[in-house]
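Colleague: Could you take me through the salt bridges in this model, pair by pair? I would like to know where the partners sit and how accessible they are.

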Amino acid sequence: MTNNAIEKLVKTITYKGVEFEVVERPDVIWVGCADYAGNNSDESDTDATRNRYYKELSDVAKKDLINPDYAAGISMNYARDDKPCGMMVAQETYSSEQDGRYELFTETAGLWLRVQINEESDNALFGRGNHGMWEYYAEDDAPIQSAAKSGGYIQNPDVDIVFEYYHNSWNGPNYVYIPIGAE
């Protein structure tokens, strides 16, 4: 993957024949567009956020991008009832100095469980291909959480985001990440 400069592979977990990687990430600054729902439901319009980012802002220079070929969909505060949940479409940057049309979000350092989303992993984990990325972590018994448990980890309750990397060409490879901690 292109973001090896900011990730360190800790170990690999094999779950149902699919390789999940435990990676350590430093603090990362994300630059993009966020929309928030009024509560902890799926009221955030992710398509509108994505469209706004790509139509209005994708041609605006973003300073010092780490992975210009990748953007991410970040689900923010998804497990918090005391904060509005939302979706941010963003890219990683080294710089907190950005065009005022963007919003900045800092992801704090920690461990993450990552899996590549493709037809092979979809078939192994779900029995058929073409699942949405969110299905990898949407439920308590979702594959990425089950894989974390099989490796001695749990989803980190102190980190209120999950994120999906997708290649800007939409041809992949694409990845899903959840924050983890020792069980």
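Modeller: Happy to! Let's begin with Arg-52 and Asp-35, whose side chains form a salt bridge with an N to O distance of 3.2 Å in this predicted model. That pair joins distant parts of the chain: Arg-52 belongs to helix 1 (residues 46-57) and Asp-35 to strand 3 (residues 28-36), 17 residues apart. As for accessibility, Arg-52 is partly exposed at a relative accessible area of 25%, and Asp-35 is partly exposed with 25% relative accessibility.

Now for Arg-25 and Glu-107, where the side chains meet in a salt bridge at 2.8 Å, N to O. Here too distant parts of the chain are linked, with Arg-25 in strand 2 (residues 18-25) and Glu-107 in strand 6 (residues 103-107), 82 residues apart. Arg-25 counts as buried because its relative accessibility of 1% falls under the 20% cut-off. Glu-107 is likewise buried, at a relative accessible area of 1%.

Arg-25 and Glu-107 also belong to a network of salt bridges, in which they are linked with Glu-7, Glu-21, Glu-92 and Arg-114.

One more pair is worth a look: the side chains of Asp-99 and Arg-101 form a salt bridge, 2.9 Å from N to O. Asp-99 is partly exposed, with a relative accessibility of 26%.

And for the overall tally, searching the whole structure turns up seven salt bridges.

Key
Residues are numbered from 1 along each chain as its sequence is written. This is a predicted model: local features need pLDDT of at least 70, side-chain atom pairs count only at pLDDT 80 or more; totals for chains, interfaces and linings use all residues. Side-chain values use heavy atoms; hydrogens and water are left out. A salt bridge is a side-chain nitrogen of Lys or Arg within 4 Å of a carboxyl oxygen of Asp or Glu. Helices (H or I, at least four residues) and strands (E, at least two) are DSSP runs, numbered from the N terminus. Buried means under 20% relative accessible area, exposed over 50%, partly exposed in between (1.4 Å probe, protein chains only).
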